[in-house]
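Could you walk me through this model in my viewer, one selection at a time? I have not seen it before and would like to know what to click next.

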Amino acid sequence: MDPFFQMAIEEARQGLAEQGIPIGSVLVVDGEVRGRGHNRRVQKGSAILHAEMDCLESAGRLTPAEYQRSVLYSTLSPCDMCSGTALLYKIPKVIVGENRTFQGPETYLRQRGVELVILDDAECRELMEQFIREHPALWNEDIGEPI
C-alpha cells in the first residue's frame, strides 16, 4: 500500500478516536509529506475543518509552484469546498480512498484537469459506513444535508 495513503487512513482513525468524523488527508510535494490532517469540525467546533482543509492548513503557506507539484490524498471523495481549494491552488492530482459513501464534484475536477484516482479502499469505506450508521445526524451536518 502507498505509504502516503496509509498516513491518510491513520489520520482518519485519529479523527474517529477523537470522537470526530473519520476522514483523513495528506499533502505530498515532491515525494515529501508537507501536511496531514483529519476532519476536526466536531473537535474544534469549526464550520470548515474538513480533512483536506485541516491538511492544507497544517502544510502552511506554500508557493504556487509547490502546490502545482503536489498530490493530495483523501480517504473520502472531496466535497465542493475541498475540491474548490484544490482547484484554487492548482493541485494536479487527488488520490481518493473511496467514493461510495459520498461523492464530491469528481466530474468537475476532471473537467478542470485534475487527475483523480479512486482507490475504492475497503477500509475507508467500512470506516465511513459504520460512522454514518452510528452518527447519521452528525454526518448529514458535515455534508450540509438537512437532519
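## A tour by selection

Welcome! Before you click, keep in mind that this is a predicted model. We begin with Lys90: with 51% relative accessibility, this residue counts as exposed, because the cut-off for exposed is over 50%.

Stop 1: Lys90 sits in the loop between α5 (80–88) and β4 (93–98). Its phi is near 55 degrees, a positive value in a residue other than glycine. Why does that deserve a look? Most residues other than glycine have a negative phi.

Now select Asp30, where there is another case: Asp30 is not a glycine, yet its phi is positive, at about 50 degrees. You will find Asp30 in the loop between β1 (24–29) and β2 (32–38). With a relative accessibility of 53%, Asp30 counts as exposed.

**Stop 2: strand β1 and its end.** Step back to Val29, which is found in strand β1. Is Val29 buried or exposed? Val29 is buried, with a relative accessible area of 3%. Show its surroundings: leaving out residues up to four places away in sequence, Val29 touches Arg34, Leu62, Glu66, Arg69 and Ser70. If you like, draw a distance from Val29 to Met1: these residues are 28 apart in sequence, and their C-alpha atoms are 19 Å apart in space.

**Stop 3: a glycine in β2.** Next, select Gly35, which lies in strand β2. Gly35 counts as buried, at 3% relative accessibility. Which residues is Gly35 in contact with, leaving aside its neighbours within four places in sequence? They are Ser25, Val26, Leu27, Cys55, Ser58 and Ala59.

**Stop 4: helix α5.** In α5, the buried residues are Cys82, Ser83, Thr85, Ala86 and Leu87. Show what surrounds them, and you will see that the buried residues of α5 pack against α3 and α6 (106–111).

**Stop 5: the nonpolar cores.** Select Leu27, Leu62, Tyr67, Leu72, Ile91 and Val94 together. Of the 16 residues in the largest nonpolar core, these touch the most other members. At least two residues of this core come from each of β1, α3, α5 and β4, and α3 gives the largest share, 3 residues. Apart from this core lies another, of 11 residues, including Ile21, Ala51, Leu76 and Met128.

Not counting residues up to four places away in sequence, Val94 touches Leu72, Pro78, Val114, Glu115, Leu116 and Val117.

**Stop 6: aromatic pairs.** How many aromatic pairs does a search of the whole structure find? The search finds 3. One of them joins Phe4 and Tyr73: their ring centres are 5.9 Å apart and their planes are at 50 degrees, so this pair is tilted. Phe4 lies in helix α1 (residues 3–17) and Tyr73 in strand β3 (residues 70–76), so the pair ties together parts 69 residues apart in sequence. Both Phe4 and Tyr73 are buried.

Then select Tyr67 and Tyr89. Their ring centres are 4.5 Å apart and their planes are at 25 degrees, so this pair is stacked. Tyr67 is in helix α4 (residues 64–67) and Tyr89 in the loop between α5 and β4, 22 residues apart. Tyr67 counts as buried, at 7% relative accessibility, while Tyr89 counts as partly exposed, at 36%.

**Stop 7: the cavity.** To finish, select Ile23, His50, Leu76, Ser77 and Cys79. The largest cavity is lined by 13 residues, and these five lie nearest its centre. Two or more lining residues come from each of α3 (51–59) and α8 (136–142). By class, the lining has 8 nonpolar, 3 polar and 2 charged residues. The volume of the largest cavity is about 100 Å³, and a search of the whole structure finds 1 cavity of 30 Å³ or more.

Notes. Residues are numbered from 1 along each chain as its sequence is written. This is a predicted model: local features need pLDDT of at least 70, side-chain atom pairs count only at pLDDT 80 or more; totals for chains, interfaces and linings use all residues. Side-chain values use heavy atoms; hydrogens and water are left out. Helices (H or I, at least four residues) and strands (E, at least two) are DSSP runs, numbered from the N terminus. Buried means under 20% relative accessible area, exposed over 50%, partly exposed in between (1.4 Å probe, protein chains only). On a 1 Å grid over the protein atoms alone, a cavity is a set of points where a 1.4 Å probe fits but cannot get out, and a pocket is an open set with protein on both sides within 12 Å along at least five of seven lines; lining residues have an atom within 4 Å of a point. Grid points are joined across faces, edges and corners, and a volume is the space filled by probe spheres set on the points. Ala, Val, Leu, Ile, Met, Phe, Trp, Tyr, Cys and Pro count as nonpolar, Asp, Glu, Lys and Arg as charged, and the others, Gly among them, as polar. A nonpolar core is a set of buried Ala, Val, Leu, Ile, Met, Phe, Trp, Tyr and Cys residues joined through side-chain atoms within 4.5 Å. Contact means heavy atoms within 4.5 Å. Rings of Phe, Tyr and Trp (its six-membered ring) pair if their centres lie within 6.5 Å; planes under 30 degrees apart count as stacked, over 60 as edge-to-face and the rest as tilted.
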